[in-house]
Amino acid sequence: MTLQAKKRWGEIALLAITVLLAVIFFFPIFFNLMSAFKSNAEIMKDAIAFPKGLYLDSFKYLLTETDFPRAIVNSLILTLVSIVAQVLIIPMAGYAIERRDTRWTKLVFLYFLAGMMIPFQAYMIPLFKELRMFGLYGSLAGPILVYVAGAVGFGCLLYTSFVKGIPREIEEAAEIDGCSRYGIFWKIVFPLLGPVTASMVVLNGLGIWNDFLMPMLVLPSGEPKTMVVEIYRYIGEFSSRWDMIFAGTAMSVVPVLVVFVSLQKYFVKGIASGATKG
């Protein structure tokens with residue numbers, strides 16, 4: 001077998017493996033979307049069968065007869081406000097740590113990184129007590145503050161790696177022209193951080209949108225929480241409303257897929273750049 005033939009068969013094998021992995025990872029999403037348009041009786045009768053028709057009663061019930069619309073609003077508020085706050089705070093922190101190479105900034109950076117090494121379960125109870133002490137327990141402000149603080153370590157790690165690849169001469173030229181330090185960052189540096197910002201938005205936004213533990217424990221009981229928590233209510237000890245579960249999950253998955261597909265090229269570019277720079 002010639003070298004060219006071996007190369008061709010290697011490419012075919014790689015393509016086959018890629019397609020197989022894509023099918024494996026996409027099948028749960030396909031199964032969920034397919035089951036969302038089936039009644040509970042259809043799902044219980046044959047879970048993997050295609051729906052006989054577009055059964056929309058589950059969606060109508062969730063949107064008109066339950067608190068699911070309020071849960072959608074809560075999920076949007078938690079995700080959007082947290083991400084906006086992260087984009088406003090974390091890039092400046094990473095930029096300052098990288099550009100001000102002093103002993104104190106190194107200590108602060110190590111402090112941020114140390115926070116990444118402590119699992120959430122280790123400080124969960126003290127954190128909840130602290131939120132109650134500051135009057136943040138039972139409101140959306142509590143989880144938002146935790147989400148922003150929890151993203152600082154990984155966010156600074158991404159941004160400091162990316163900022164290293166930005167020439168200082170650009171900033172020095174702007175400073176000579178009379179641009180302030182904040183002006184240099186927001187007008188010159190921040191637009192260049194688009195790929196890594198997209199990576200952070202996708203990673204952290206997905207984590208916040210799908211988070212179950214924090215809203216379940218922090219937000220007040222007896223009131224609508226987030227989409228994931230509301231879906232969990234239809235899981236019973238002896239029986240479950242699978243039609244409601246799949247319909248609610250479908251509504252929660254679609255926005256994530258849209259955002260990820262829209263930012264996919266920036267996400268990959270940001271991760272790759274952060275891994276190779278520095």
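User: In this predicted model, which way does α7 pass α10, in a left-handed or a right-handed crossing?

Analyst: The crossing of α7 past α10 is right-handed.

User: And why are α7 and α10 called roughly antiparallel?

Analyst: Look at the angle: their axes cross at roughly 155°. Anything over 145 degrees counts as roughly antiparallel, so that is the label α7 and α10 get. As for distance, the two axes come within 10 Å.

User: Which residues make the contact?

Analyst: From α7 you have Y147, A151, F154, G155, L158, Y159 and F162. On the α10 side there are P195, V196, T197, M200, L203, N204 and I208.

User: What makes up that contact in terms of nonpolar, polar and charged residues?

Analyst: Eleven are nonpolar, three are polar and none is charged.

User: What about the largest nonpolar core: how many residues does it have, and which have the most contacts inside it?

Analyst: It has 38 residues, and V189, L193 and M214 have the most contacts inside it. Elements giving two or more residues include α4 (68-99), α9 (181-192) and α10 (194-209). The top contributor is α7, with eleven residues.

User: What is V189 in contact with, leaving aside neighbours within four places in sequence?

Analyst: V189 is in contact with Y95, I166, E171 and I184.

User: Which residues does the second, separate core include?

Analyst: That core has 17 residues, among them A36, F68, M227 and I245.

Key
Residues numbered from 1 in each chain as written. Predicted model: local features only at pLDDT ≥ 70, side-chain atom pairs only at ≥ 80, totals over all residues. Heavy atoms only, no water. Core = buried A, V, L, I, M, F, W, Y, C linked by side-chain atoms within 4.5 Å. Buried < 20%, exposed > 50% of the residue type's maximum accessible area, 1.4 Å probe, protein only. Helix = DSSP H or I, 4+ residues; strand = E, 2+ residues; numbered from the N terminus. Contact = heavy atoms within 4.5 Å. Axes fitted to C-alpha atoms, helices over the stretch in contact; angles between N-to-C directions. Parallel < 35°, antiparallel > 145°, perpendicular 65-115°, else oblique. Left-handed = near helix turned anticlockwise from the far one by under 90°. Nonpolar A, V, L, I, M, F, W, Y, C, P; charged D, E, K, R; others polar.
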